[in-house]
Amino acid sequence: MGEVIKVGMADWKTCSGEDAVTTLGLGSCVGIAIRDPATGVGGLAHIMLPDSTEIRNNGNRPKFADTGIEDLVKDIVRRGGNRGRLVAKIAGGAQMFSFGSKSTMIRVGERNVQASKQKLSELKIPLLAEDTGKTYGRTVIFYPKNGDFVIRAVGMPEKVI
Amino acid sequence: MKDLNMEQLTDQYFDVLKELGNIGAGNATTALAQMIDCKVDMHVPQVKLLEFKELGDMVGGEDKLMVSIFLQVEGDIDGSIMFMLSKTAAAHLVNKLMCGMLGIDEEKADEYEFGEMECSAIKEVGNIITGAYLNALSGLTNMKIFPSIPQLGIDMAGALLSVPAIEFGVFGDKILLIQTQFSDDVVLDGFFILIPDMESYERILGSLGVM
C-alpha cells in the first residue's frame, strides 16, 4: 500500500507509484486530477477561484484554476510525465448555499468548473470524467497509477469515476 | 487604504475583534441560557488568522460533519457571516431545546438525519447566536447591520468552509476565525467567520478608531 498525500485548500501535490493524493471536503472548490497513464505520474490540484487575472492580489498561484492547473501540469512533467499523454478528471464545484453575498460568489462553484475545463482544453488535456455541481461536499482520492478517482459524499455510496 | 489586506492586520485590530467576539459570545450565551433554560458557561474566544490549508484542522478535520448557519448582512456593512458547530454539538443543543422530545442519540449524531423540526431549531439557535454577535458589532461601531434569513448547511467542514474561504480568497490568502467555547454539562465548540467586503472592513476599522 502506498502513501495517501493530503492536498489542502489552494494547494496541489503530485505523486507516482502506489501513492495517492486526496483532498477532504471539497465544496465550491474544484479538485482537478491529472495523470500520465503510461508512467503513472499524476497529481491533484484544489483550486478555489476561477481566474487569477480577475483579481489584483493573485500571488498565490495554486488558488486559481488557470495558474493552479498550469503549475500542476509542469510538476507532473518534471516528475517524468509526458506532456502529450496527460488526461484529467474533475470533481467539486458544488453550490453549498443558495446565495452568495457578492457578485464574485454567484455560482462560484459552476464558474470554477467552467474555468477548469477551459484551462484543460487550452492545454489540450482531455477530460475523461467529472462529478461536479449539485449541493453537497465531496472527499476525493486519486490514484495516478490506474486513474481511479474515488468520490465520497455524506449519506451517499462511494463512487469511482 | 486601497491595498489593505488581511496580512497587515494590526495587533490592535485583533484586540478589537477579540473584544467583539467576547461581547458577542457573552450576549449569545445569555440568550442561549434563556432558551435552553440552564446555566451556560463561556470561555474567552480565540481569534485566529489562518491559512486556508490550516482551516480544516482548526475545526477538527475537513471531513468532520458540521452544521453551519450562513447569512448575509447588509446596511452599513455588506458581507456575510457563518456560524459553525459540530453535528454532535448541534444534536446536543437540539435535545436541550426540545427538552429531549426528539431523543437524538448524541453518540450517533453523525448518522442521524435532522428533520424539519430539528433544522428549524438549529436555525433558531444560529439566528440567536449570530444575532448576538451582530448586535455587539453594531453597538460598538454604531452602524446599522441587517441580517438576512439564515441558511442551514450540514456537510463536511471543508465543504462548508469553502464558501467563506472563497469570499476571503478574493482579497487575501488568510481567513479570520473566531472560536468560542460554550459549556453547560458538555463543552460545545462554536466557530465564527465574519466576512465583510473590503470597503466594510475599512468602515468597521474607521468607526472603531483603529485606522
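In the predicted model, strand β4 (residues 30-36) of chain A and strand β5 (residues 41-47) of chain A run antiparallel and are joined by seven bridges. Within this pairing, A:Val30 stands opposite A:Ile47 of β5(A). The two strands belong to an open sheet of five strands, arranged in the order β2-β5-β4-β6-β7 (chain A) with mixed pairing. Its edges are formed by β2 (11-15) and β7 (127-132) of chain A, each of which pairs on one side only. When direction is ignored, neighbouring strands of this sheet are turned by 10° against each other on average.

Two helices of chain A pack on this sheet. Helix α1 (residues 65-78) of chain A touches β2, β4 and β5 of chain A, and its direction makes about 20° with that of β2(A). Helix α2 (residues 108-122) of chain A touches β4, β5, β6 (87-92) and β7 of chain A, with its direction making about 20° with that of β4(A).

A further open sheet of chain A, likewise of mixed pairing, consists of five strands in the order β1-β3-β8-β9-β10. Here the edge strands are β1 (4-6) and β10 (159-160) of chain A, each pairing on one side only. Strand β8 (residues 138-143) of chain A runs antiparallel to strand β9 (residues 148-152) of chain A, to which five bridges join it, and A:Ile141 has A:Val150 in β9(A) as its bridge partner.

Between the chains, 38 residues of chain B are in contact with 37 residues of chain A. The area buried between chain B and chain A is about 2900 Å², with carbon and sulfur atoms giving 63% of this area. On the side of chain B, the residues that lose the most area to chain A are B:Gln151, B:Ile166 and B:Val170, which together account for 21% of what that side buries.

Five residue pairs are found in polar contact across the interface of chain B and chain A, both residues of each pair being at pLDDT 80 or more. The elements of chain B that give two or more residues to the side touching chain A are α2 (52-58), β3 (65-75), β4 (79-86), β6 (151-156) and α5 (157-169), and α5(B) gives the most, with 10 residues. By class, this side of chain B has 16 nonpolar, 12 polar and 10 charged residues.

Conventions:
Residues are numbered from 1 along each chain as its sequence is written. Chains are lettered from A and ligands numbered from 1 in the order in which they are written. This is a predicted model: local features need pLDDT of at least 70, side-chain atom pairs count only at pLDDT 80 or more; totals for chains, interfaces and linings use all residues. Side-chain values use heavy atoms; hydrogens and water are left out. Contact means heavy atoms within 4.5 Å. Buried area is the accessible area (1.4 Å probe) that two parts lose on being put together, summed over both. A polar contact is a pair of N or O atoms within 3.5 Å; within protein, one must be able to donate a hydrogen and the other to accept it, and residues adjacent in sequence count only if both atoms are side-chain atoms. Helices (H or I, at least four residues) and strands (E, at least two) are DSSP runs, numbered from the N terminus. Ala, Val, Leu, Ile, Met, Phe, Trp, Tyr, Cys and Pro count as nonpolar, Asp, Glu, Lys and Arg as charged, and the others, Gly among them, as polar. Two strands pair if DSSP finds at least two bridges between them. Axes are lines fitted to C-alpha atoms, for helices over the stretch in contact, and angles run from 0 to 180 degrees between N-to-C directions.
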